[in-house]
Amino acid sequence: MIAAVICARADSTRLPGKVLEDVYGRTVLASITSRLRRASSVTAIIVATSEEVSDNAIAVEAAKLNLPCYRGSKNDVVARMDGAVRRYATGFKYVFRAMSDQPFLDWAGLDESARLIEVKGWDVVLPLSFGQDPVYGAGLSPWSKRAWSAIVSDSRGEEREHVGMWLRRNLKKFEYGLLDLPHWCFRPYRLELDVEEDLALILGIMATNAGDMSLRQVVAFLDRSPDLVATNASYTEKTGTYTSYTVAEIAEWERDYRG
C-alpha cells in the first residue's frame, strides 16, 4: 500500500555519513529499514540517494539490506523520490518519505495514519498540536497519490529540497485530518541524528535495550534517564513546523485546526 522512500545522503554538514554510522552491529540505515519493515502498511522500501561518488557506500549498504536503490539529483529531493517511486513502486497507493536522521520512527503511528487515510479518503494526516511539534519520529503520515503528484508538479525552490513543504503550504487544496496524539508524544527529547551528541544519545539508548523498541518505549526509557537526555539537550532541530514556516502560515493552520 505504502511506498516508503528513505532519502539518504553521505555529506551531512554536521555529521557526515551519519546514515552509515554503526549502532551496535548495524548501520543507522539498517535500523530505519527494520522499523519500516514492522509497519504492516508499508509494502515497498526504497533507498533514494544521489549520483555523487560520496554516496556510493549508501548504495552498497542498500544492496546488503536487499533494498532497491535509486540514484538521482543531489539537491532536487522531490525529483529523486519521484524517480525512486516510478522505477520501483508501480501500483503504489501512498508515498511516505522516511527520514535518514529518524532512527526511532513510530511504525505503529504510521500504520494508524495509513488506516485513517484509507478509511476517510484523506490525502494526509497531521498531528493536532499547538506551539510544539511531537517528539521526532511521532505523528508520521504517508501522502495520497493525488497529493504526491501535486508535490512533484508544483513544488518550487526550497520546496524541492524539503519534501512536503509545498503540501503544508497548500493544505486547503486537499482533504486531510488531524490526529490527537497521546501525551507521551510531546516531550522535549531530541531524537534527531544530526550531531555527535545525538549519536551518543542513540548509543546510550541502544546499550541497555536490545532489539527495536517502540517509540513509546524509547520515550519511557528517557523519562527515567535524565542524565542521558542531557547528552544532546543543548542542540535544536534545524527544521520543523515551528521553525520552517512563517508566523502567518502557522496562524492560518491553527485557525483551521480549531475549526
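Visitor: How many bridges join strand 4 (residues 94-99) to strand 6?

Guide: 2 bridges join them, and the two strands run antiparallel. This is a predicted model, in which local features need pLDDT of at least 70 and side-chain atom pairs count only at pLDDT 80 or more, while totals for chains, interfaces and linings use all residues. Residues are numbered from 1 along each chain as its sequence is written, and side-chain values use heavy atoms, with hydrogens and water left out.

Two strands count as paired if DSSP finds at least two bridges between them. Strands here are DSSP runs of E with at least two residues, helices are runs of H or I with at least four, and both are numbered from the N terminus. In the pairing above, tyrosine 94 stands opposite serine 144 of strand 6. Both strands belong to an open sheet of 5 strands, in the order 3-2-1-4-6 and with mixed pairing. Strand 3 (69-72) and strand 6 (143-144) are at the edges with a single partner strand each, so one side of each has no neighbour in the sheet.

Helix 4 (residues 107-120) lies across strand 1 (2-7), strand 2 (42-50) and strand 4, and runs at about 160° to strand 4. That angle, on a scale from 0 to 180 degrees, is taken between N-to-C directions of axes fitted to C-alpha atoms, for helices over the stretch in contact.

Strand 1, strand 2, strand 4 and helix 4 are also among the elements that cover the buried residues of helix 1 (28-37). Buried means under 20% relative accessible area, exposed means over 50%, and partly exposed lies in between (1.4 Å probe, protein chains only).

Threonine 33 lies in helix 1 and counts as buried, at 0% relative accessibility. Leaving aside neighbours within four places in sequence, threonine 33 is in contact (heavy atoms within 4.5 Å) with Ile6, Ile45, Leu65 and Leu67.

Arginine 35, also found in helix 1, is buried with a relative accessible area of 1%. The side chain of arginine 35 reaches the backbone oxygen of methionine 213 at 2.9 Å. A polar contact is a pair of N or O atoms within 3.5 Å; within protein, one must be able to donate a hydrogen and the other to accept it, and residues adjacent in sequence count only if both atoms are side-chain atoms. Not counting residues up to four places away in sequence, arginine 35 touches residues including Pro103, Phe104, Trp107, Asp212 and Leu215.

The loop between strand 1 and helix 1 holds tyrosine 24. Tyrosine 24 is exposed, with a relative accessible area of 54%, and has a positive phi of about 55° although it is not a glycine.

Finally, confidence. pLDDT is the predictor's confidence in each residue, from 0 to 100. The protein chain has a mean of 91, and 94% of its residues reach 70 or more. Strand 6 has the highest confidence in the chain, at 98, whereas helix 10 (residues 241-244) has the lowest, at a mean of 64.
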